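Subject: Structure for you to look at

Hello,

Here is the structure I said I would hand over. Please open it first, then read the notes below it.

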Amino acid sequence: MTAPRIDTDLGKIEQNTRVLVDRLAAKGIRVTGVTKSALGSPGVGAAMLRGGAYGLGDSRVPNLTRLAGLDRRPLRTLIRSPMLSQVGRVVGVADVSLNTGAAVVAALAGAATEAGRPHGVVLMVELGDLREGIAADDVPEAVRAVLGHPSLRLVGLGANLACQNGVVPDDRNMGVLTGLVEKVEALHGISLDVVSGGNSATLNWALSTDDVGRIDELRLGEAILLGVDPLYRTPIPGLHTDASTVTAEVIEVAVKPAQPWGDRAQAAFGEPPARTGSGSVRQAILALGRQDVDPAGLQPPEGITILGMSSDHLVVDLGDHAVAVGDEIDFGVAYGAFMQAMTSPFVTKIEHRGRPTAPPVPVCPTTTNGQVREHLSMP
Ligand SMILES: *Cc1c(COP(=O)(O)O)cnc(C)c1O
């Protein structure tokens, strides 16, 4: 088979979506499935919809165009503030976009009028993570501006935490969002359809808090695709953490000294990785590089250790594994490796509907104390 490749079990994506949709439904929260790390794969999007997602979100216009071809013409949301240069394409391919700026909103309104297609706007509020968002004090004015454009529909308010500075969603910051919704509704005599509380990092809060307030939507990518909580990268009980696997082919196997020799300076990507031990190691090279995956999120099978990765070579210590040139090795993936493999032109994407398997039985609650555990359980 072609290598390198990333193999995704759409049955597991569907099951992960279903579990999260059901758990959140009990809190009055629906799920937008986020496909951006899967290059807007229609197969992945369809699996999320089968699992009960009420719509799909992606950060990129070309990905939304891919999703627009899906049979059921799902509700599509652009989850990154539109580029001014793209507003025409945005209103053509997205039903809703997340927004922060008056200039973009005005341009969207013009494009929507021109296209004769109304466009929904969710205004994003800054809650402390310092990425996108309107300052709380400026939200009423931003709402007024959207309401002033007849071709736009104010769908609701939203927020995004954790992605930029790791700020944890909690009752306090989520409460601010609920407070703003109530304030805006009272001020303008309107009622908002969507209060989009955040990404996968908001899941643990939503499922554990006594009161979700007005939050009625989450935008979930990583939790569905990888089965982990991005705050601590812990497995979410009851979800598959192995829906996707990266496979690479071995191109060299040799016993080599444990330590390099000669004067040493920088390696291809900065400081050379530490090599430990003395004597020799059974070392293999795989045809897999940083042009294919992010080494930080690549998880080798038990007993194999990653020694380093450059643009095109992955060097591993094989330990006791019997491996020959031409063999393939499967790797688990964390978010960065998954995203990079799915978006690299060098990696073949394979999607299949695996035999139905029961999701793993919930064994332990998601830790919330900051302890970092393994991202994925390895085969
Ligand atoms: C990427 C993104 C998401 C989804 O994030 P996950 O951690 O993959 O769930 C949601 N909202 C916004 C604005 C994003 O950029």
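**What was found**

Val-168 has a relative accessibility of 36% and therefore counts as partly exposed; a residue is called buried under 20% relative accessible area, exposed over 50%, and partly exposed in between, with a 1.4 Å probe and protein chains only. The model is predicted, so local features need pLDDT of at least 70 and side-chain atom pairs count only at pLDDT 80 or more, while totals for chains, interfaces and linings use all residues. Residues are numbered from 1 along each chain as its sequence is written, and side-chain values use heavy atoms, with hydrogens and water left out.

**Residues in loops**

Val-168 belongs to the loop between strand S7 (152–159) and helix H7 (171–188). Helices (H or I, at least four residues) and strands (E, at least two) are DSSP runs, numbered from the N terminus. Along the sequence Val-168 is 40 residues from Gly-128, and their C-alpha atoms are 9.4 Å apart in space.

Asp-242 is in the loop between strand S11 (234–235) and strand S12 (244–257). Its relative accessible area is 38%, so Asp-242 is partly exposed. The side chain of Asp-242 has a polar contact with the side chain of Lys-12, at 3.1 Å. A polar contact is a pair of N or O atoms within 3.5 Å; within protein, one must be able to donate a hydrogen and the other to accept it, and residues adjacent in sequence count only if both atoms are side-chain atoms. Leu-225 is 17 residues from Asp-242 in sequence, with 8.9 Å between the two C-alpha atoms.

**Backbone angles**

Most residues other than glycine have a negative phi, and most peptide bonds are trans. Which residues are joined by a cis peptide bond? They are Ala-3 and Pro-4, with omega at about -5°. Pro-4 is in the segment before strand S1 (5–9).

Leu-39 is not a glycine, yet its phi is positive, near 55°. This residue is in the loop between strand S2 (30–34) and helix H2 (42–50). Leu-39 is partly exposed because its relative accessibility is 31%.

Leu-130 is not a glycine either, and its phi is positive at about 60°. The loop that holds Leu-130 runs between strand S6 (119–125) and helix H6 (139–147). Is Leu-130 buried or exposed? At 61% relative accessibility, Leu-130 counts as exposed.

**Residues in strands**

Val-316 is part of strand S16 (residues 314–317). With a relative accessible area of 0%, Val-316 is buried.

Lys-349 is part of strand S18 (residues 348–352). Lys-349 counts as partly exposed because its relative accessibility is 33%. Between the C-alpha atoms of Lys-349 and Val-176 there are 41 Å, and along the chain there are 173 residues.

**The ligand**

Where is the ligand? The ligand sits in the largest pocket. On a 1 Å grid over the protein atoms alone, a pocket is an open set of points with protein on both sides within 12 Å along at least five of seven lines. A molecule sits in a pocket if more than half of its atoms lie within 2 Å of its grid points.

An oxygen atom of the ligand is 2.8 Å from a polar backbone atom of Gly-221. A backbone N or O atom of Glu-222 is also 2.8 Å from a ligand oxygen atom. A polar side-chain atom of Asn-160 is 3.4 Å from a nitrogen atom of the ligand. On its own the ligand has 390 Å² of accessible area, and the protein covers 94% of this; such areas come from the Shrake-Rupley method with a 1.4 Å probe.

Regards

Note on methods: 1 Å grid on protein atoms, 1.4 Å probe; cavity = no way out; pocket = protein on both sides within 12 Å on 5 of 7 lines; lining within 4 Å.
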